[in-house]
Amino acid sequence: MTQFIETINDQTLRQLPKVAGAYVLVIELANDLALRNKRFAGTILPKGTYLYCGSANGPGGIAARVKRHCKADKKPHWHVDELTSNGAGRVVSVLVVPGGNECELRARLQLHAPDIPVIGFGSSDCIDCPSHLMYVLTNQLSNFTETIAEGV
């Protein structure tokens, strides 16, 4: 069952499903961020609200993956880690879709024309996705999450 967790804290993180599926992280960057990953080095992400679509099919499912993304101190592994590590930004909300597909979620979001700040970000293994990271105006955020939750 699709679930939108509006506020991330220890209690809400314990409510995440431990099943495979997809998720959309709502990430707030308080300041501009210069990406350092060699593929995107020098790209500047302006402060603001970002949506990142991901999947979790390994042990612990969605719960394990989202909890990892919420930790500030971690060894970078995925592109999105650069936004969620070392105080760069923080995950403020999450939409979880057990059994969902990250590319389908991204496509639904893209219908509402959010900006794609970095081509290829988080989608290096996708054929059809230009990016799994999108920039959205904060005042439009509720429209995006409502639309996805209704359509999944």
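The report below moves from the whole chain to single residues.

**Basis**

This is a predicted model, in which local features need pLDDT of at least 70, side-chain atom pairs count only at pLDDT 80 or more, and totals for chains, interfaces and linings use all residues. Residues are numbered from 1 along each chain as its sequence is written, and side-chain values use heavy atoms, with hydrogens and water left out.

**Overall fold**

The protein chain has five helices and seven strands. Both kinds of element are DSSP runs, numbered from the N terminus: helices are H or I with at least four residues, strands are E with at least two. Along the sequence the order is β-α-β-β-β-β-α-α-β-α-β-α. The radius of gyration is 14 Å, close to the 15 Å that the globule rule gives for 152 residues, so the protein chain is as compact as a globular protein of that length. That radius is taken over C-alpha atoms, and the rule is 2.2 Å times the number of residues to the power 0.38. The C-alpha atoms fill a box of roughly 40 × 35 × 30 Å along the principal axes.

Of the 152 residues, 46% count as buried. Buried means under 20% relative accessible area, exposed means over 50%, and partly exposed lies in between (1.4 Å probe, protein chains only). Contacts are heavy atoms within 4.5 Å. Among contacts with a separation of 6 or more, 69% come from residues 24 or more positions apart.

**Surface and charge**

The accessible surface of the protein chain comes to about 7,900 Å². Carbon and sulfur atoms hold 49% of it. The areas come from the Shrake-Rupley method with a 1.4 Å probe; for residues, only the protein chains shown count as cover. There are 15 positive and 14 negative side chains. The centres of the two sets lie 8 Å apart. Lys and Arg count as positive, Asp and Glu as negative; His and the chain ends are not counted. Each charge is placed at NZ of Lys, CZ of Arg, CG of Asp or CD of Glu.

**Helix α2 and its surroundings**

Helix α2 spans residues 61-70. Its buried residues are G61, I62, A63, R65, V66 and H69. They pack against α1 (10-13), β2 (21-29), β5 (48-56), α3 and β6 (89-98).

D81 is found in helix α3, residues 81-84. With 0% relative accessibility, D81 counts as buried. Which side chain does D81 join in a polar contact of 2.9 Å? The partner is R68. A polar contact is a pair of N or O atoms within 3.5 Å; within protein, one must be able to donate a hydrogen and the other to accept it, and residues adjacent in sequence count only if both atoms are side-chain atoms. Leaving aside neighbours within four places in sequence, D81 touches R68, H69, K74, K75 and P76.

S85 sits in the loop between α3 and β6. S85 is buried, at 5% relative accessibility. The S85 side chain reaches the backbone oxygen of D81 at 2.7 Å. Beyond residues up to four places away in sequence, S85 is in contact with A72 and K74.

R90 is found in strand β6. At 56% relative accessibility, R90 counts as exposed. Leaving aside neighbours within four places in sequence, R90 contacts V26, I27, E28 and L83.

E104 lies in helix α4, residues 102-110. At 48% relative accessibility, E104 is partly exposed. L137 is placed in the loop between β7 (133-136) and α5 (141-151). L137 is partly exposed too, with a relative accessible area of 44%. R14 lies in the loop between α1 and β2. R14 counts as exposed, at 60% relative accessibility.

| Pair | Apart in sequence | C-alpha distance |
|---|---|---|
| R90 and L29 | 61 residues | 6.8 Å |
| L137 and G48 | 89 residues | 7.4 Å |
| R14 and I62 | 48 residues | 11 Å |
| E104 and N37 | 67 residues | 26 Å |
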